[in-house]
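Please keep the structure in view while reading.

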Amino acid sequence: MIHLLAVLLSAGAFTALALSMKRHQRDFAGRALTERESRLARTGGWSLVGLVLAIDIAVFGFGYALVAWAGQLTMGAWLNVAWLCWKTGASRKN
Amino acid sequence: MKEGLRQSMALLHTWTGLLLGWLLFAMFATGTSAYFQDEITRWMQPEITGSADPVTSAEGAVRFLQRTAPDATSWYISLPNSRSATTQVYWQAAEGQKRGKRADTSAVLDQSGREVSTRDTRGGYFLYRFHFDLHYIPVLWARYLVGVAAMFMLVAILSGIITHKKIFADFFMLRFNKGQRSWLDAHNVTAVIALPFHLMITFTGLVTLAIMYMPWGIAANYADRTAFQDAVFGKSVDVARSGNPAPLVAVAPLMRTASAAWDGKRVGYVKITNPGDSTAMVNIARASEGAIGSRGEEISFNGITGRPADHSMAKGAALATESVMIGLHAGRYAEYGLRWLYFLSGLGGTIMVGSGLVLWTVKRRTKLPDPNHPHFGFRLVEKLNIATVAGFPAGIAAYFLANRLLPLSMAERADHEINSLFLTWLAVFVWAVVRPSARAWPEALGLAAALFAAVPVVNALTTSRGLPASLLAGDWLFVSFDLVMLVLAAGFAKGARRAARKRAEGPRAVRRKTPEAMAA
Amino acid sequence: MAKSAANARTTGPAGRRIGRWNVASRIVAAVPANYLVTSLATACLARLLAHGLAVNPAEASVTATLLSFAIFATIALFAFGLRSVSRLWLWLAVSGGVLGAALWLSLGMGGRL
């Protein structure tokens, strides 16, 4: 269960990080974000990445946590790719 | 200068990836399945149910061995872990006795020490061993070949990173279905997203057999290998039997002592030398699921008094690193959540290798002087790709099907299960050779899809543990196995449909060159 | 010119401009010569750690062995990354020679367990 939570948080982290980059804002948010929103997204994204690691360390202990963290971030990234594919696919049909 | 470096790295990436890509694909596929080797074995032995307690199992195994091989040189008892239910025992025949076949000096036992009656199969263990020992060829050659492939993989990964630095900067541009470049997308996405996994698994894979591939670091400091092993693992003095019989100490208390010394972690195996003799020794090793490091702790006890004997050398930084690297590769320490992450990453790696292989032909097809009559090398790669990317998974599905369909009383049944894997693989290769590639692709992928889809069906028809029954019983192992088969079937079916559509669209679709396709 | 050379490279073995001997000699450098140099480097490092820096010999040997794969991969990349083949072979020959001599001297002093 903890893995599922961590994967979802990682996915959120990647989405936030993508939002903080100008060129991806249209894909993810549908519009350009303001300077302040971008900064917020960047801080939020990195904090989430850190939070996931912190949760892992608290639950699993340091060594195991590092491995789990890498795996969860990977799956989080996968979720982002899947979501983007689904979105592009859906918009193409419209 | 910079562009030149990128070009030469692209060249290196292409060719190191291609040359051993087919072997790497098979290694990735079987290695990935090996993360669930215990579960696969349980699925392939549907007669066995329930779980087993290691201490009770050890006592049962000792009773069995005292009956079966009382004067053996040594007994080796591999205890059930949290994922398996049977005990595997091996014994070494007494001095002077003829060494029999493997089957004559090993047995699979249940918790009470009775030999289990189950169908003859090598289960998930075969897939695990194939991952580095291959099959039909001498193990030593296989391991060198596998090592070369792993080194090629490492070089392919590193040169890929140098060539495609831009992809990492454009991390969020990664997605599928961008125009006609689906193979390139599949390769990029699977490669980049799981890059830490790919680097880790390749490097640690080399480390698992490091002493074989690079023996010179040890040879520089030690005149022979055993001197090194004695220094690290403690002297393995083979004491001859004294001939004075003495009753063996009870193993259960020793296991509890050992477990307590390891903060309650389970015992993985028990080795007893000279059982029944006054020189008896009991070695107890920690289960590999207890910690990341694979070289588990071990405690030796006197086999009569039960007093602890000497320990192996305390690990320094390098030995601990090596142990952790091997542990990271094998993932035996991972509980189910992390195990699934390993499995999915491995699946991604398999797709990465497969899509990379296909990419080689996709990129070259457009540059062929006559795309309808490609030269021999191109055709060879194309046929091998079909045989490997579609045929090898089809073979694995056939291995599972054979487990359910071959008659239970068949002689050498386990070997025939394995043969069906390779016969299916061979059949797909022959099919790929005789058919035009554009047709063979959807057909072979469709076959793989059909075989995987057939696994849960055949399982339901031939055992009482089909998908509906296991769902009702809450038997998640069987449920997951059947579901994974269905997901794989769906994946291959999707691939087959795409390949068929591509054929219908004709070569025009592939002809649209993109800058990325040119660069790589 | 740069463009056409790049194209020739991407066409692979069919491209004439790439030079078959150039590639062949790089392959020899990247695989057998590389293995030789890496082995020497690994052995030298194991000796250096154990006898020069008084690390436990088992630890020293394992450290060197673990690093050997990184060394091999790096040299393999350089074998194809360096522009000049003669410079590549010069590097390999010099490092092989120096490492070989160092190992020979070190082994001559004894101390193998």
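In which hand does α17(B) pass α18(B)? The model is a predicted one, in which local features need pLDDT of at least 70, side-chain atom pairs count only at pLDDT 80 or more, and totals for chains, interfaces and linings use all residues. Residues are numbered from 1 along each chain as its sequence is written, while chains are lettered from A and ligands numbered from 1 in the order in which they are written.

The crossing of α17(B) with α18(B) is right-handed; a crossing has this hand if the near helix is turned clockwise from the far one by less than a right angle, and is left-handed if anticlockwise. Helices here are DSSP runs of H or I with at least four residues, and strands are runs of E with at least two, numbered from the N terminus. Two packed helices are described by the angle between their axes and the distance between the axes. For α17 (residues 413–434) and α18 (residues 437–462) of chain B, the axes come within 9 Å and cross at roughly 160 degrees. The two helices, α17(B) and α18(B), are therefore roughly antiparallel, a term for angles over 145 degrees. Axes are lines fitted to C-alpha atoms, for helices over the stretch in contact, and angles run from 0 to 180 degrees between N-to-C directions.

On the α17(B) side, the contact is made by Val428(B), Trp431(B) and Ala432(B), and on the α18(B) side by Ala440(B), Glu443(B), Ala444(B) and Leu447(B). Residues count as in contact if their C-beta atoms, placed from the backbone, lie within 7 Å. By class, the residues of this contact of α17(B) with α18(B) are six nonpolar, no polar and one charged. Nonpolar covers Ala, Val, Leu, Ile, Met, Phe, Trp, Tyr, Cys and Pro; charged covers Asp, Glu, Lys and Arg; the others, Gly among them, are polar.

Chain B also holds an open sheet of six strands in the order β3-β2-β1-β4-β5-β6, with antiparallel pairing. Strands pair if DSSP finds at least two bridges between them. At the edges stand β3 (106–109) and β6 (298–302) of chain B, each of which pairs on one side only. From one strand to the next, the twist averages 15 degrees. Within the sheet, β1 (residues 74–78) and β4 (residues 267–273) of chain B run antiparallel and are joined by five bridges; Trp75(B) stands opposite Ile272(B) in β4(B). Helix α4 (residues 54–68) of chain B lies across β1, β2 (87–92), β3 and β4 of chain B, at about 35 degrees to β2(B). Helix α13 (residues 251–261) of chain B also packs on the sheet, where it touches β4, β5 (281–286) and β6 of chain B.

Among the two pairs of chains that touch, chains B and C have the most contacts. That contact takes 39 residues from chain B and 33 residues from chain C. On the side of chain B that touches chain C, α1(B) gives the most, with eight residues. The residues of that side divide into 28 nonpolar, eight polar and three charged. Chain C itself has four helices and zero strands.

The contact of chain A with chain B takes 21 residues from chain A and 17 residues from chain B. Of the chain A side, the largest share, 16 residues, comes from α4(A). Chain A and chain C do not touch, their nearest C-alpha atoms being 20 Å apart.

Notes. Angles under 35 degrees count as roughly parallel, over 145 as roughly antiparallel, 65 to 115 as roughly perpendicular and the rest as oblique.
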